[in-house]
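Trainee: I am new to this structure and would like a close look at a single part. Please take me through the aromatic pairs and what surrounds them.

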Amino acid sequence: MSVKSNVVTLSLCLLIISAPAFADEATETEGLPETFAASAERGKAQFQAICAHCHTTTYEESRIGAPGLKGVLERHSETWLNQWLKSPEEFAQKDVAARDLIDANTFGLAMPTLPAMQDEHNRLDIIEYLKTLKE
Ligand code: HEC
């Protein structure tokens, strides 16, 4: 057998061995959820029910020391917000900006981990609404 045909045989074997790996990848991709269409309208309703107790939608800090959320997307990325909203305290264990934000609060009432924010769809709706709070 020549060296060339050995190489061809080896390549064929590799193709056969790696084929199932390709098949697995295809199945995993199929399992991913469809892209979620976030709604600023749903987000606004949630904001008024949950967040407005503590936050204003202006630049003004509220009476309990929660930052006004106007222009908040200029201060934080969507990824940052998604993690903050899920659990501020847990996120602050790995994110310096989140830690600083909590440490800078002199009022003593930190933002709690909210049950409604454990649902990613709710978080994406809220973020969609926060995007509308610009000048
Ligand atoms: C009990 C009061 C309270 C509630 C309810 C609350 N927050 Fe907060 N939030 C705070 C406080 C206080 C901070 C400042 C950081 C800290 O001390 O935890 C904060 C910080 C934030 C920040 C960072 C703001 C910035 O300028 O960096 C965002 C964004 C935010 N909250 C969004 C929300 C959203 C959206 C909701 C509703 C799902 C919500 N918060 C519910 C009190 C609250």
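Mentor: Rings of Phe, Tyr and Trp, the last by its six-membered ring, count as a pair if their centres lie within 6.5 Å. This is a predicted model, and a search of the whole of it finds 3 aromatic pairs. One of them joins Phe47 and Tyr129, with 5.4 Å from centre to centre and 55 degrees between the planes, a tilted arrangement. The two residues are 82 apart in the chain and link distant parts of it: Phe47 belongs to helix 2 (residues 40–51) and Tyr129 to helix 7 (residues 120–131). Both Phe47 and Tyr129 are buried.

Another pair is Trp80 with Trp84, whose ring centres are 5.4 Å apart; their planes stand at 10 degrees, so this pair is stacked. Planes under 30 degrees apart count as stacked. Trp80 and Trp84 lie in helix 4 (residues 78–86), and because they are 4 residues apart, about one helical turn separates them. Trp80 is buried, as is Trp84. Together with Phe91 they form one aromatic cluster.

Now back to the helices that carry Phe47 and Tyr129. The axes of helix 2 and helix 7 come within 7 Å and cross at roughly 95 degrees, which means that helix 2 is roughly perpendicular to helix 7. On the helix 2 side, the contact includes Phe47, Ala40, Arg42 and Cys51; on the helix 7 side, it includes Tyr129, Asn122, Ile126 and Leu130. Sorted by class, the contact between these helices has 6 nonpolar, 3 polar and 4 charged residues.

Technical notes
Residues are numbered from 1 along each chain as its sequence is written. This is a predicted model: local features need pLDDT of at least 70, side-chain atom pairs count only at pLDDT 80 or more; totals for chains, interfaces and linings use all residues. Side-chain values use heavy atoms; hydrogens and water are left out. Rings of Phe, Tyr and Trp (its six-membered ring) pair if their centres lie within 6.5 Å; planes under 30 degrees apart count as stacked, over 60 as edge-to-face and the rest as tilted. Buried means under 20% relative accessible area, exposed over 50%, partly exposed in between (1.4 Å probe, protein chains only). Axes are lines fitted to C-alpha atoms, for helices over the stretch in contact, and angles run from 0 to 180 degrees between N-to-C directions. Angles under 35 degrees count as roughly parallel, over 145 as roughly antiparallel, 65 to 115 as roughly perpendicular and the rest as oblique. Contact means heavy atoms within 4.5 Å. Ala, Val, Leu, Ile, Met, Phe, Trp, Tyr, Cys and Pro count as nonpolar, Asp, Glu, Lys and Arg as charged, and the others, Gly among them, as polar.
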